[in-house]
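Have a look at the picture first.

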Amino acid sequence: MALSIVLKIRRTLTGAEIDDVIATTVAGLQLAAERRRRAEWRKGELAAERFRAACDYLNAVRLPSSAQNRVQ
């Protein structure tokens with residue numbers, strides 16, 4: 001598709017120019033995929049941080065061990 005757009009604008013292209021258009025398009029697609037992968041990674045890191053914070057909170061408000069023995 002990108003190649004057809006460039007061809008419509010320029011009317012003719014050399015082999016090297018065609019290779020350049022293809023390489024640029026492929027690089028753009030790879031960059032977009034890498035950005036998506038990094039965004040997913042960040043989401044996972046944030047979820048892990050929230051989980052750790054929740055665990056820390058629960059550990060902080062946990063009953064003392066002597067009180068736990070009485071409950072059991």
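Is Met1 buried or exposed? Met1 counts as exposed because its relative accessibility is 83% (buried means under 20% relative accessible area, exposed over 50%, partly exposed in between, with a 1.4 Å probe and protein chains only). Bear in mind that this is a predicted model, where local features need pLDDT of at least 70, side-chain atom pairs count only at pLDDT 80 or more, and totals for chains, interfaces and linings use all residues. Residues are numbered from 1 along each chain as its sequence is written, and side-chain values use heavy atoms, leaving out hydrogens and water.

Met1 sits in the segment before helix H1 (2–10); helices are DSSP runs (H or I, at least four residues), numbered from the N terminus.

Now for the charges. There are three salt bridges in the structure, each one a side-chain nitrogen of Lys or Arg within 4 Å of a carboxyl oxygen of Asp or Glu.

| Pair | Closest N and O atoms |
|---|---|
| Arg37 and Glu34 | 2.6 Å |
| Glu34 and Arg38 | 2.8 Å |

Arg37 and Glu34 both belong to helix H2 (residues 15–61), three residues apart. Glu34 and Arg38 are four residues apart in helix H2, so about one helical turn separates them. Glu40 and Lys43 also lie in helix H2, three residues apart, about one turn of the helix. Shared partners link Glu34, Arg37 and Arg38 into one salt-bridge network.

As for cover, Glu34 is partly exposed at 27% relative accessibility, and Arg37 is partly exposed at 46%. Lys43, at 51%, counts as exposed.

Terms used. Helix = DSSP H or I, 4+ residues; strand = E, 2+ residues; numbered from the N terminus.
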